[in-house]
Amino acid sequence: MDDVIIAILRSATPLVYVTLAGVIAQRAGIWHLGLEGLMIAGACATILGTVLTGSIFSALLIAMVICIVASILFWFVVEKLKANQIIAGLGLTGLGLGGTTLAVESIFGSQAAVTAPSGLPRLGAMFGAYGTLSILVLLMPLFVFAVWVLLCRTRFGLRLSAAGEHPFAARSVGVNPGRMRLIALMIGGVLCALGGAELASGSLQFFSQNMTAGRGFMAFAAVIFGAGHPIGATFAALFFAIVGAIGIRAQLVFGERVPHDLLLALPYLATVFGIWLSARLRGGVKAVTGFGELRDS
Amino acid sequence: MTESIVSVFRALIFIVIALALCGLIFSVAGYSAPDMFRAIIDGAFLRTGALQQALRWGLPLFITAAGVVISFRAGYFNIGAQGQFYIGAICAAFAADWLNGLPAFIVIPACFLAGMTGGALWAMWPGILRLRSGADEVITTLMGNFLAVIVLIYVTSGPLKDPSGSGQQASSRPLDAAYRISTSYGVSPTIIAIAVLVGIFMWLLVNRTAFGVLSGLAGRNATMVTWQGARLWNIGLASFIISGALAGLAGTVELMGPNGRLASGFLPAHGFTAILIALVANLSIVGTAIVALFFGGLASAALYLPVIAGLPSSAIDIINAAIALFITAKSNIVDRFLRNWRKRVWTT
């Protein structure tokens, strides 16, 4: 039983961090399809940073800086240049995927996976079987709680929601929606960096091309599934992770009778199911307003 | 007319900005940005045979992009062109495998039918989920892409596996030469004819039919179209089916033309590039044809880069992504600049 829970925690933690980033952006009125790109940038920067500097903490710092800079670029494009969020988000994802491949190629001269000598700090022996999990797994509930407090229990969170839902009203009481979105995306950048770091450095400590494999999009789906609420979205992300873990478990138990490819497909199928279910539950009203344009009034 | 000239200039300005961003990224990564751009321009447009290569890559891209135009115009963000392209190619490959041995004039049309049906069906389930339940098509079509990649891996390493293939990349048994519609070089009268037919039909569909008018209106204001008495369900489903069928057709063309076999993960950037083409062309069919040739040139340069300059071919992915980041931008700053500039130029 322990190993199942460990597997679930291991695959859920990166997803939850990135989902929280998506929730904050969603609250600010931004459909953040660049999560995948930020996540892989965070993963790549953590591993390359560890290899080059030798310290996991400076690597995390580098990853956060890179993700924040990329988030600011995204903000500039959708807020100042009024680009379509969906296409710009996909562009950011493409930049992340291509840029990390280029970075690995230009530093190591090949496209092979890069292994880091050390990873994130582990929980240690006092947690027994769970000691191999990284410290970010333990911090995950704290982050969920912190984001919940921030969004649902503070003045800042209310202003953020106002900036996303009714920018005109927000502006009329002196809140600058553009600045709120910038702050939201920057916090999201930090969270994506942590998610990417946990993915790459939390258990196996390596980076390979396209290693996020759509997790950023799954996180985005979890935001929709969880109706933009931090707790709901976290449970949605946990659901996707549990489906993946059940698939792996099924293969261990039933062996070759479960086709390997079906196993790979399970998380994506679960995501489609989640999106369908959340649309059914909310009476088929689409969450987005307009053609992926930022709300201005 | 002047409005469209402004939009072309705006697109060009943002493409230049995107290229500047790429130059910055390449310089940081330690490559010489000017060299890289020279190699791209050389590979795409100046070397001998560049036009044929631009056609070879551009024609299938045009077919897929025309489908993207149809669904985007109707207001549906079907970004699953890649998955529909793969499923189309897979269905065509199955058809060719089952009918192997029959004369080519039966097999080739059957393959095209199978490919288009496959692509249409792969676009249909997100369409139905969207229209019946309101499930967001951006996510479902994206997930469809990932699922199609898995199906392709399964098919090329399972039912259609080429037993003589090397371990490097799983691929299917090659098509019989009689069923190919072009050589590996990739341009043939058949493919050009298919692309021209698609262009003519889609242009007529968009500009000369009730469906074209209604879907264009539905994309801008669905409520109004419903109140006018049009069936949003029919328009929506038809646009999903048409866009999927065209992506499947492009997959079939790639399979029966230049590729000749399925390989797992072939042409991974096709769908994304097609979406870019449709957006750069501002969702017009004629524009899509022109822009597709430009991006076809870029795609052929991607293969040319590692050979000529020792540069990674992922450079083209980065350029495409940077263009995607900026292409839908419609900054007031640029618009104002363009309007003033036009006034100055046209009044003097």
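Reader: Over which residues of chain A does pLDDT stay under 50?

Author: That stretch is residues 284–290 of chain A. This is a predicted model, and pLDDT is the predictor's own confidence in each residue, on a scale from 0 to 100. For residues 284–290 of chain A, the model has 10 contacts beyond four places in sequence.

Reader: How do you know what the confidence of chain A is on average?

Author: Chain A averages a pLDDT of 85, and 95% of its residues score at least 70. Local features need a pLDDT of at least 70 here, so that share of chain A reaches the cut-off.

Reader: And where in chain B is confidence lowest, and where is it highest?

Author: The lowest mean, 61, belongs to helix H14 (residues 332–347) of chain B, while helix H4 (residues 81–98) of chain B is highest, at 94. Chain B averages 84, with 91% of the residues scoring at least 70. For the model, the scores are ipTM 0.85 and pTM 0.88.

Reader: Is the crossing of H2(A) and H8(A) left-handed or right-handed?

Author: H2(A) passes H8(A) in a right-handed crossing. Among the residues making this contact are A:Leu35, A:Met39, A:Ala43 and A:Ile47 of H2(A), and A:Gly189, A:Cys192, A:Gly196 and A:Leu199 of H8(A). By class, the contact of H2(A) with H8(A) has 12 nonpolar, seven polar and no charged residues.

Reader: Which residues make the contact of H1(A) with H9(A)?

Author: H1(A) brings A:Pro14, A:Leu15, A:Val18, A:Thr19, A:Gly22, A:Val23 and A:Gln26, while H9(A) brings residues including A:Arg215, A:Met218 and A:Phe220. The contact of H1(A) with H9(A) divides into nine nonpolar, four polar and one charged.

Reader: What makes H9(A) oblique to H10(A)?

Author: The axes of H9(A) and helix H10 (residues 230–254) of chain A come within 7 Å and cross at roughly 130°. Roughly perpendicular ends at 115 and roughly antiparallel needs over 145, so H9(A) counts as oblique to H10(A). This crossing of H9(A) with H10(A) is right-handed.

Reader: How do you know how many residues in the contact of H9(A) with H10(A) are nonpolar?

Author: H9(A) contributes A:Met218, A:Ala219, A:Ala222, A:Val223 and A:Phe225, and H10(A) contributes A:Ala233, A:Ala236, A:Ala237 and A:Phe240. Ala, Val, Met and Phe count as nonpolar, so the contact has nine nonpolar, no polar and no charged residues.

Reader: Turning to chain B, into which domains is it divided?

Author: Chain B has domain 1 (1–31 + 314–348) and domain 2 (57–310). Their C-alpha centres lie 27 Å apart, and their contact takes 11 residues from domain 1 of chain B and 12 residues from domain 2 of chain B. On the domain 1 side, helix H1 (2–28) and H13 of chain B each supply at least two residues. The largest share of that side, eight residues, comes from H13(B).

Reader: How many residues of chain B are in contact with chain A?

Author: 38 residues of chain B are in contact with 42 residues of chain A. Helices H5 (104–133), H6 (137–157), H11 (270–280) and H13 (314–327) of chain B each supply at least two residues of the side that touches chain A. That side of chain B divides into 26 nonpolar, nine polar and three charged residues.

Conventions
Residues numbered from 1 in each chain as written. Chains lettered and ligands numbered in written order. Predicted model: local features only at pLDDT ≥ 70, side-chain atom pairs only at ≥ 80, totals over all residues. Contact = placed C-beta atoms within 7 Å. Helix = DSSP H or I, 4+ residues; strand = E, 2+ residues; numbered from the N terminus. Left-handed = near helix turned anticlockwise from the far one by under 90°. Domains from an automatic or database assignment. Axes fitted to C-alpha atoms, helices over the stretch in contact; angles between N-to-C directions. Parallel < 35°, antiparallel > 145°, perpendicular 65-115°, else oblique.
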